[in-house]
Amino acid sequence: MPELIKIENASFSYHVPHAEPIQALKNIRLSIQSGEFIAIIGANGSGKSTLGKLLNALLVPESGTIQINGMNTRDSGNHTAIRSMIGMIFQKPQDQIVATTVEEDTAFGPGNMGLSPNEIRRRVNSALSASGLTDYHDRPSYLLSAGETQRLALAGVLAMLPQCIIFDETTAMLDPAGRDMVMRQAKTLHEQGTTILFITHLMEEAAQANRVIVMDNGKIGMDGSPNQIFSQNVETHGLEKPIAMTAADKLRAYIPSLPEQILTNEELFSHIPTFRGKQSVPQQVQEQTSSTAPNVTAQNLSYTYMHGTPLQHQALKDLSISIGSGHMHGLIGATGSGKSTLLQHFNGLLRPHGGNLSVLGMDMNNPKLDTQSLRRQVGLSFQQPEFQIFNQYVGDEVAYAARQLGYSGTLEAAVRSAMEAVGMDFGVYKDRLTYSLSGGELRKTALASALVTKPDILLLDEPLAGLDPVSRREVMGYFNRMHQEGMTIIFSTHQFDEIISEMDAISVLQSGTVISSGTPASIFSGMGTNLPGDLKPPFANVLSIVFREKGWPVPAGIVRLNDLINSIAAITKMAGA
Ligand SMILES: Nc1ncnc2c1ncn2[C@@H]1O[C@H](COP(=O)(O)OP(=O)(O)OP(=O)(O)O)[C@@H](O)[C@H]1O
Ligand SMILES: [Mg+2]
């Protein structure tokens, strides 16, 4: 295979005014052949996005060289050719949307390549259909949801027919159906000969690549096949093993026939043996959820965006929900099901158009509602962190909401402890410019600013998206501690197993209404029958269903891997006895 990308000793630093330069890449050497499918993984701030931008010549190295098909990226005469060869879908896709409608935006790149109108039309149509946006072709691009914007960025890149596509966390904002679509898309393009560089924080996605590159602190920490990489200690690089591998390693004690080196869910599922022991009645999943008085209740809530215009869209319809005081409550549902709209009602950013809503005893329909006092008690962290960043410096940003709300404690101590809770070193980050943060660092800043005032109710819209695995664990550990101290925490998520497994209760949203509510076990025990088709149950639940199908007397409704392992341990012990 011909060499597509050759990097020799490349280094890169960002220069920011009045501060030390930030060295993002150090002496990188790398060779990528045409037709490879490579996953790039690594902790937040390790240099993944920077590497991508150097490859399509948006940035040039300060030392060393990068050649694309033999063309040096330092020579600006090569830039047009390089950018039509290497397409990149940015981590913040709104940065690459340039035109006012979906169709015009997709046509922008091919238009710049001087193609004939017929060819442009052909490419636009095929890119829109491949990205699932055909029906959206005349929609204004600024009105798209986060996931839809990501699809539009994908369409814009596909229309250029590049030789290599860099996906920078393209799956992070998507629901499971959307993620699968992007992965399928990447695989299809790969089969057609496109080189794929797939940047991700999801190890199960990385496991599907042919080669994995681990970035660590601006250097290449590891480079090899998924098997070679994940059989080593990836935790030292801020990563974790794919969940199927972790599960297989734990299950092997009870099922010795499981082969070594299982990486993907499909491999694991196909190796679960048929149960040969004596059948017994499955025990029930233990659940310790206490019922508490609700502190959020909504009845028949409705809300319509752009009311009275041709773009009117009803986001909430007759929605009823009750959230117990001190509970961790999860809102799950596909992109566009209304989760973010609902959360913004809970802190009064949006007011109901119909129905009743009470939060901590306050009537949210009351036009004279004291929003200052409400926001002191209810903190919100947005889905897209860049929408809530107002300040130049990280320290000021984290302190901002607390200052606005007249926080009475020692602000510096509170800012420091909030930053540490999300794994951001106060000394390192407090004077960093907010515009200069990586995607994950920006998410952590936004989370910290919602934590400073220790509100009674914390609203978290997709809080783990963009965080590396170790940060996800740290942040969830903090939320668990706050939960124990009595905070009510409401999460919206497209399915992070880490979140689902910790919830006291879950509500499933579909088309703006709650279609079912209950404990995680009760929601998932119906084997997905009460879940909309585009939501995936947690991994442990799917695996427990595979076991049940093979005759194992595993209880229904398992959502935690440890509960499943314990159940398998008990069953094999009984069968052996
Ligand atoms: N525009 C910028 N100006 C200054 N520093 C930057 C800029 N963009 C990134 N950095 C810094 O460079 C380093 C590498 O950032 P990069 O965005 O490449 O990381 P990443 O691996 O993509 O992280 P994430 O997983 O959070 O997306 C980080 O320390 C980051 O703060
Ligand atoms: Mg990045």
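## Basis of the description

Two residues are in contact if their C-beta atoms, placed from the backbone, lie within 7 Å. Helices (H or I, at least four residues) and strands (E, at least two) are DSSP runs, numbered from the N terminus. The model is predicted: local features need pLDDT of at least 70 and side-chain atom pairs count only at pLDDT 80 or more, while totals for chains, interfaces and linings use all residues. Residues are numbered from 1 along each chain as its sequence is written, and chains are lettered from A and ligands numbered from 1 in the order in which they are written.

## Domains and their contact

The protein chain is divided into domain 1 (3-239), domain 2 (244-286 + 540-576) and domain 3 (295-518); these bounds come from an automatic or database domain assignment. The C-alpha centres of domain 1 and domain 3 lie 30 Å apart. Their contact takes 25 residues from domain 1 and 22 residues from domain 3.

On the side of domain 1 that touches domain 3, α5 (146-158) and α6 (176-191) each supply at least two residues. The largest share of that side, 3 residues, comes from α6. By class, the side of domain 1 that touches domain 3 holds 13 nonpolar, 9 polar and 3 charged residues. In this classification Ala, Val, Leu, Ile, Met, Phe, Trp, Tyr, Cys and Pro count as nonpolar, Asp, Glu, Lys and Arg as charged, and the others, Gly among them, as polar.

The shell around ligand 1 has 20 residues, of which Tyr 14, Ser 49, Ser 436, Ser 438 and Gly 440 come nearest. A residue is near a molecule if its C-beta atom, placed from the backbone, lies within 6 Å of it. The shell draws at least three residues from each of domain 1 (3-239) and domain 3 (295-518). At least two residues each are supplied by β2 (22-33), α1 (48-55) and α16 (439-451). By class, the shell around ligand 1 comprises 6 nonpolar, 12 polar and 2 charged residues.

## Two helix pairs

Helix α13 (residues 394-404) packs with α16 at an angle of about 35°, and their axes are 6 Å apart. Axes are lines fitted to C-alpha atoms, for helices over the stretch in contact, and angles run from 0 to 180 degrees between N-to-C directions. The crossing of α13 past α16 is right-handed; a crossing is right-handed if the near helix is turned clockwise from the far one by less than a right angle, and left-handed if anticlockwise. From α13, Val 394, Glu 397, Val 398, Tyr 400 and Ala 401 meet Thr 445, Ala 448 and Ser 449 in α16. This contact of α13 with α16 has 5 nonpolar, 2 polar and 1 charged residues.

In the second pair, the axes of α3 (residues 102-112) and α5 come within 7 Å and cross at roughly 35°. α3 also passes α5 in a right-handed crossing. The contact joins Val 102, Asp 105, Thr 106, Phe 108 and Gly 109 of α3 to Leu 152, Ala 155 and Gly 156 of α5. Its residues comprise 4 nonpolar, 3 polar and 1 charged.

A residue is buried if 20 or more other C-beta atoms lie within 10 Å of its own, exposed if 12 or fewer, and partly exposed in between, with C-beta atoms placed from the backbone. In α3, the buried residues are Val 102, Glu 103, Asp 105, Thr 106, Ala 107, Gly 109 and Pro 110. Their cover includes α4 (117-130) and α5. Gly 114, which follows α3, has a positive phi near 70°.

In helix α9 (residues 243-251), Ile 243, Ala 244, Met 245, Ala 247, Ala 248 and Leu 251 are buried. These buried residues pack against α7 (203-206), α8 (226-230), α10 (265-270), α20 (539-549) and α21 (561-576).

## Residues with positive phi

Gln 261 lies in the loop between α9 and α10. Its phi is positive, about 60°, although Gln 261 is not a glycine. Gln 261 counts as exposed because it has 12 C-beta neighbours inside 10 Å. Not counting residues up to four places away in sequence, Gln 261 touches Asn 227 and Ser 231. The C-alpha atoms of Gln 261 and Asp 249, 12 residues apart along the chain, are separated by 8.9 Å.

Asn 27 is found in strand β2. Asn 27 has a positive phi of about 45° although it is not a glycine. With 14 C-beta neighbours inside 10 Å, Asn 27 counts as partly exposed.
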